[in-house]
Amino acid sequence: MKTCIIIDDSRATRKVARLILESFHFSCEEAENGQIAFDLCQRKMPLLILLDWNMPVMDGLTFLKMFRKLPNTQKTLVIFCSTANDVKNIYTALNSGANEYIMKPFDADIIRDKLRHLDLIEI
Amino acid sequence: MDDLLREFLSETSENIAILDVDIVRLEKNPHDVALISTIFRIVHNIKGTSSFLNLPRLERLAHASENILSMFRDGELPITPYAISLLLNTLDHIKSNLCYLESHGAESKDQDNEFIAQAPQESSDGSALRIAPLIKENHPNKQSLSTGTIKEPLFYPRADQSIRIDVRLLDHLMTTMNELVQTRNQLLNEMHHQKDSSLILPLQRLHKLTTVLQDIVLKTRLQPIGKAWAQLPRIVRDLSKELEKKIDLQLYGAETELDRQVIEHIKAPLTHMVRNSADHGIELPAERIAKGKSETGTIILKAYQENNLIIIEISDDGRGLDVLKIKSKLLENNRVTMDDLAMMPDTQIIQYIFEPGFTTASTITAVSGRGVGMDVVKNNIEKMGGQIDYKSTEGKGSHFLIRIPAPVSLTSTIKNDLSCHDL
């Protein structure tokens with residue numbers, strides 16, 4: 001089964017993302033900040049990461065930089081989630097190892113497009 | 001979708017509670033950049049999740065708060081009491097919208113236009129300075145305001161591994177647990193008469209396991225008392241503004257744990273008593289200076305465990321209870337005669353403040369003086385098996401002491417009973 005880690009400090013947002021990704025047959029784990037996600041990745045590398053920017057403890061960019069320094073991360077695809085407030089961060093994120101970005105709020109159609117683009121799903 | 005809305009409501013209510021405390025703290029520490037970022041992140045979170053759930057009203061309100069905060073952050077708007085009030089007002093609107101959402105399952109159709117117009121908007125050129133003249137017009141230089149502060153950060157341990165459980169399920173678990181304990185006790189009693197050796201070992205084991213299980217069940221229900229007083233800094237802040245007093249609220253021991261039901265029941269009494277302290281106890285700044293006290297009055301709330309008791313102390317350095325005033329009020333209402341009073345020591349007279357309908361407030365303010373008060377406080381505390389005592393030194397402040405039995409399982413008493421049975 002395709003695995004995904006959803007990193008966001010909002011439970012409600014994680015739930016939205018989980019419902020969508022599960023509909024595309026991903027098995028999801030959740031992390032409320034970058035540190036927790038980093039620990040999860042060290043135990044088991046996921047296929048996909050959905051990454052929020054602004055979080056307590058460890059933010060998305062710090063996570064991304066540390067994550068890409070780990071061995072065996074080249075197969076893992078990172079989708080960075082941006083809000084209108086931090087559009088300028090998209091460029092930074094893509095330069096720091098993100099594969100794609102989406103704007104919040106996202107829905108199933110937006111996610112499907114990106115997953116297709118990343119060759120993670122067919123149709 | 002319902003499930004998602006529930007998640008949203010619980011998450012956002014938690015966030016709002018944190019914001020209430022943090023924003024009041026920001027007023028006291030306007031240069032705390034990290035605090036502004038934290039507040040900003042939480043508000044941003046509310047905006048983001050509202051947009052996910054397609055709740056435009058909440059999204060707009062959160063956006064309005066975000067505008068104020070980004071102006072704070074960029075130094076475009078000074079953090080004045082008025083600006084903080086504006087922010088808190090927006091928060092209150094979010095709260096009432098959440099209540100509506102919770103009871104109706106959808107947002108109200110009314111518009112907050114009038115309200116949002118008050119909050120700063122980004123103008124077309126991206127600058128957001130419109131707020132500045134607005135503030136000057138409405139509140140010229142009224143900045144000498146004091147507010148409640150938190151000396152100790154309210155700390156709620158946030159375990160990485162936790163799940164949310166319906167409270168009714170926990171209550172059910174508790175009642176079932178109690179029945180199990182009773183059944184076990186019955187069995188133990190029977191055994192005491194029969195002395196059937198083959199059952200002694202498994203029964204001993206059942207006894208121990210039940211005891212452990214009961215302790216665990218009790219622990220699932222514990223919550224930090226900080227949850228019962230999280231709203232107090234905001235209340236004291238608003239009160240000090242309304243009453244034109246300077247009040248410093250200090251909270252100690254927020255992590256002290258109590259059963260969730262006790263937390264629910266203690267909330268109203270604590271709020272009431274802190275309001276009383278602010279309204280009746282703490283004097284106006286001028287009066288305090290005249291008495292040789294510091295201009296700012298202090299209200300202290302302390303919680304801690306002592307043996308099998310949870311102790312909560314509420315004290316202030318205000319004027320204390322005015323025994324003469326209580327006496328004259330009692331005479332006025334024909335509760336006692338002059339002869340009665342002559343016989344009573346002050347400590348007994350003070351007990352009358354716990355009687356229904358008693359108030360010494362000469363005018364009824366929005367804060368207190370309605371005569372619903374200390375009797376209710378006393379009743380509530382006694383219902384939990386606790387007691388409340390008062391000691392006051394006139395002119396130097398008042399001091400209430402609440403004692404509540406600490407959350408211990410029935411088993412600890414049963415254990416003692418059984419130890420002599422030598423199972």
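This is a predicted model: local features need pLDDT of at least 70, side-chain atom pairs count only at pLDDT 80 or more; totals for chains, interfaces and linings use all residues.
We can begin with the overall make-up of chain A. Five helices and five strands are found in chain A, and from the N terminus they follow the order β-α-β-α-β-α-β-α-β-α. Chain A has 123 residues, of which 53% count as buried. Among its contacts between residues at least 6 apart in sequence, 58% link residues at least 24 apart.

Helix α2 (residues 34-43) and helix α3 (residues 60-69) of chain A have axes that come within 9 Å and cross at roughly 20 degrees. Because angles under 35 degrees count as roughly parallel, α2(A) and α3(A) are therefore described as roughly parallel to each other. Their crossing is right-handed. On the α2(A) side, the contact is formed by Gly34(A), Ala37(A), Phe38(A) and Cys41(A), and these meet Phe63(A), Met66(A) and Phe67(A) of α3(A). By class, the residues of this contact comprise six nonpolar, one polar and no charged.

The peptide bond leading from Lys104(A) to Pro105(A) is cis, and its omega is near -5 degrees. Pro105(A) belongs to the loop between β5 (100-103) and α5 of chain A. Helix α5 itself covers residues 108-117 of chain A and includes Ala108(A). This alanine has a relative accessible area of 29% and is thus partly exposed. When neighbours within four places in sequence are left aside, Ala108(A) is in contact with Ile20(A) and Phe24(A). Ala108(A) and Phe24(A) are 84 residues apart in sequence, while their C-alpha atoms are 9.2 Å apart in space.

For the pair formed by helix α1 (residues 2-28) and helix α10 (residues 232-243) of chain B, the axes come within 8 Å and cross at roughly 50 degrees. With that angle, α1(B) is oblique to α10(B). The crossing by which α1(B) passes α10(B) is left-handed. Sorted by class, the residues of the contact between α1(B) and α10(B) are two nonpolar, no polar and four charged.

The second pair joins α10(B) to helix α11 (residues 260-281) of chain B, with axes that come within 10 Å and cross at roughly 25 degrees. This angle makes α10(B) roughly parallel to α11(B). Here α10(B) passes α11(B) in a right-handed crossing. The contact of α10(B) with α11(B) holds seven nonpolar, one polar and two charged residues.

Several loop residues of chain B complete the account. Asn54(B), although not a glycine, has a positive phi of about 55 degrees. It is placed in the loop between α2 (33-52) and α3 (56-73) of chain B and, at 62% relative accessibility, counts as exposed. Asn307(B) likewise has a positive phi in a residue other than glycine, with a value near 50 degrees. The loop that holds Asn307(B) lies between β4 (297-306) and β5 (309-316) of chain B. Its relative accessible area is 70%, so Asn307(B) is exposed.

Asp317(B) sits in the loop between β5 and α13 (323-332) of chain B. With a relative accessible area of 25%, Asp317(B) is partly exposed. Beyond its neighbours within four places in sequence, Asp317(B) is in contact with Ile282(B), Glu283(B), Arg288(B), Lys293(B), Thr296(B), Gly297(B), Thr298(B), Lys396(B) and Gly397(B). Asp317(B) and Ser398(B) are 81 residues apart along the chain, and 6.8 Å separates their C-alpha atoms.

Methods
Residues are numbered from 1 along each chain as its sequence is written. Chains are lettered from A and ligands numbered from 1 in the order in which they are written. Side-chain values use heavy atoms; hydrogens and water are left out. Axes are lines fitted to C-alpha atoms, for helices over the stretch in contact, and angles run from 0 to 180 degrees between N-to-C directions. Helices (H or I, at least four residues) and strands (E, at least two) are DSSP runs, numbered from the N terminus. Angles under 35 degrees count as roughly parallel, over 145 as roughly antiparallel, 65 to 115 as roughly perpendicular and the rest as oblique. A crossing is left-handed if the near helix is turned anticlockwise from the far one by less than a right angle, and right-handed if clockwise. Ala, Val, Leu, Ile, Met, Phe, Trp, Tyr, Cys and Pro count as nonpolar, Asp, Glu, Lys and Arg as charged, and the others, Gly among them, as polar. Buried means under 20% relative accessible area, exposed over 50%, partly exposed in between (1.4 Å probe, protein chains only). Contact means heavy atoms within 4.5 Å.
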